[in-house]
Amino acid sequence: MPGTTRLGPYRSRSRGGGGMGRGDAVVVGGGLAGTLAAAALLGHVDTVTVVERDRYPEQPVFRKGVPQGRHLHVLLSGGRRALEKLLPGINAELEAAGAHRLEAPRDVITRAPNGWQHRFHEGRHATLSCTRALLDATVRTRVLAGAERSGTRVEVLQATEVTGLLGGADRVTGVRVRSRAAERAERELPADLVIDASGRGSRAPKWLGDLGHRAPREEVVDAGIGYCTQMFRPAAPWDMVMVIQPRPDCPRGAAWSPVEGGNWLLTLAGVRGHHPPTEGSAVPDFVRSLGEPALDDHLRTCEPVSPPYGFRDTSNRRRHYDARGGVPEGFLAVSDAACTFNPIYGQGMSVAALSGLALRRCLSDGSPLRPGFTARAQHAVARASDTAWLTAIGADRPYAAASDTTPPGVAERVQSWYFERLAARAAIDPVVGAAFRDVTYLAAPPSRLVSPAVALRTVLLPRARGLTSPPLRVEA
Ligand SMILES: Cc1cc2nc3c(=O)[nH]c(=O)nc-3n(C[C@H](O)[C@H](O)[C@H](O)COP(=O)(O)OP(=O)(O)OC[C@H]3O[C@@H](n4cnc5c(N)ncnc54)[C@H](O)[C@@H]3O)c2cc1C
């Protein structure tokens with residue numbers, strides 16, 4: 001069948017009697033989270049069928065199913081480490097393919113609301129910057145190659161869409177799929193485990209409702225951020241990533257980061273009323289309004305190699321599938337399908353990797369055929385996204401719309417106050433800065449932010465300004 005990739009030993013697809021009795025899994029969506037979920041399943045189930053609506057391009061280029069793929073996608077240090085644990089050697093492969101390894105804060109200079117952060121070599125946070133297309137293609141190739149040795153038969157159904165779930169309110173037993181080819185035939189695909197990795201547009205709440213299972217409670221915190229990204233080719237050398245964070249008097253920001261092939265991506269962002277333009281001619285004015293002449297001057301020497309692309313749906317949205325009774329047996333939602341974040345914090349792909357690791361741990365602890373597996377796994381996957389969720393909503397609360405589904409309680413207001421003070425201190429204080437980076441780069445749990453040393457410096461020391469101009473040299 002065109003658009004079908006089969007890898008690994010063939011085993012019968014009949015459930016119960018075929019294969020080695022470890023069960024059949026279906027993954028809905030073959031994006032990054034779906035591919036990493038498939039990686040976690042290798043060796044733990046008989047078959048994995050990844051159903052992907054798109055047809056993968058021959059070369060690593062943008063595809064429609066991942067509309068955010070034109071925007072800057074940085075892999076944080078916590079996600080980079082998780083990815084390496086799932087797929088040993090993958091970071092070296094990505095670097096060999098052109099991804100840039102960037103140490104924060106040495107290679108990433110940041111203008112926080114209270115000034116420029118000091119720039120020094122901490123040696124704890126190596127991040128990766130490349131196009132999303134390159135990252136996805138490299139990871140996918142690697143996972144499919146690993147399938148051949150895993151004892152799990154992997155099948156990728158491309159140009160095929162999942163249109164609903166099979167089963168009942170208490171147990172999901174497969175999916176209904178429709179080919180996107182001319183005949184558009186619908187058929188049923190039985191499975192012991194269905195993993196929804198269909199991204200921020202997931203229709204699983206509706207599909208579960210169709211089976212009589214309640215939809216998950218949703219929590220939304222929307223800072224109303226608008227995004228725009230344009231690719232450039234610099235003529236003059238420039239050796240650092242520049243990040244300009246929004247601040248109350250200028251709620252606009254930017255990030256300038258290298259990708260493969262000698263190109264750089266400029267991502268602009270702004271809260272309601274300050275959305276960046278999507279016409280190329282208006283981009284320089286927006287950049288000028290950030291008040292950073294160094295970036296402004298450098299961009300003048302760069303040649304645009306793409307138009308600017310916009311993106312508006314940037315809310316933090318959590319579906320509480322991990323609540324008691326939140327998922328029926330046989331169903332699990334991962335990554336963006338369960339929890340999305342304001343992209344300005346660059347966390348989603350790292351959460352996909354951390355979720356893949358959490359899923360693999362659950363599979364090592366017990367068969368997906370055992371009762372209660374999906375509830376346990378859903379809980380573990382939700383814990384893998386807690387740090388990202390708490391830091392994103394902590395930072396976004398002050399900008400959130402009044403209509404958001406979850407107005408903050410007292411505890412959350414105190415958290416936001418503390419977080420704002422801590423973020424300001426992090427720009428100037430190495431102790432607080434190290435803790436702040438550990439947590440916001442998803443390499444440590446939020447408890448690191450309330451250790452005595454960090455809490456005392458955050459609460460007791462007076463507010464101070466950061467550097468007044470970009471630190472062009474690395475401090476000793
Ligand atoms: C503007 C923007 C910038 C971002 N920047 C960063 C960043 O710098 N760093 C970072 O870590 N994260 C970033 N993110 C987040 C990141 O894009 C997501 O967290 C990540 O893509 C999640 O991966 P996923 O596989 O869950 O979803 P997706 O990447 O969206 O993949 C979903 C897949 O499912 C397929 N699909 C959907 N529905 C169906 C169906 N019914 N049947 C079959 N297939 C289906 C789609 O075709 C697609 O392939 C950003 C997000 C946005 C919006």
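**Close-up views of a predicted model**

**View 1. Lining of the second largest pocket.** In this predicted model, 23 residues line the second largest pocket, and those nearest its centre are Val-61, Phe-62, Gly-69, Arg-70 and Ala-133. The volume of the second largest pocket is about 350 Å³. By residue type, its lining consists of 10 nonpolar, seven polar and six charged residues.

**View 2. Elements and domains around the second largest pocket.** At least two lining residues come from each of helix 4 (132-147) and strand 15 (226-234). Helix 4 contributes the most, with five residues. The second largest pocket lies between domain 1 (4-82 + 134-220 + 315-385) and domain 2 (225-311), because both domains give residues to its lining.

View 3. Trp-417, Leu-456, Val-459 and Leu-460 make a nonpolar surface patch of about 420 Å². Helix 13 (residues 452-460) supplies three residues, the largest share of this patch. Val-459 is located in helix 13.

View 4. Most peptide bonds are trans. The bond joining Ala-104 and Pro-105 is cis, with an omega of about 5 degrees. Pro-105 is found in the loop between strand 5 (100-104) and strand 6 (108-112).

**View 5. A serine with a positive phi.** Most residues other than glycine have a negative phi. Ser-335 is not a glycine, yet its phi is positive, at about 55 degrees. The loop that holds Ser-335 runs between strand 22 (331-333) and strand 23 (339-340).

Technical notes. Residues are numbered from 1 along each chain as its sequence is written. This is a predicted model: local features need pLDDT of at least 70, side-chain atom pairs count only at pLDDT 80 or more; totals for chains, interfaces and linings use all residues. Side-chain values use heavy atoms; hydrogens and water are left out. On a 1 Å grid over the protein atoms alone, a cavity is a set of points where a 1.4 Å probe fits but cannot get out, and a pocket is an open set with protein on both sides within 12 Å along at least five of seven lines; lining residues have an atom within 4 Å of a point. Grid points are joined across faces, edges and corners, and a volume is the space filled by probe spheres set on the points. Helices (H or I, at least four residues) and strands (E, at least two) are DSSP runs, numbered from the N terminus. Ala, Val, Leu, Ile, Met, Phe, Trp, Tyr, Cys and Pro count as nonpolar, Asp, Glu, Lys and Arg as charged, and the others, Gly among them, as polar. Domain bounds come from an automatic or database domain assignment. Patches are made of residues with over 30% relative accessible area and no salt bridge: like charges are joined within 9 Å, nonpolar side chains (Val, Leu, Ile, Met, Phe, Trp, Tyr) within 5 Å. Accessible areas come from the Shrake-Rupley method with a 1.4 Å probe; for residues, only the protein chains shown count as cover. A salt bridge is a side-chain nitrogen of Lys or Arg within 4 Å of a carboxyl oxygen of Asp or Glu.
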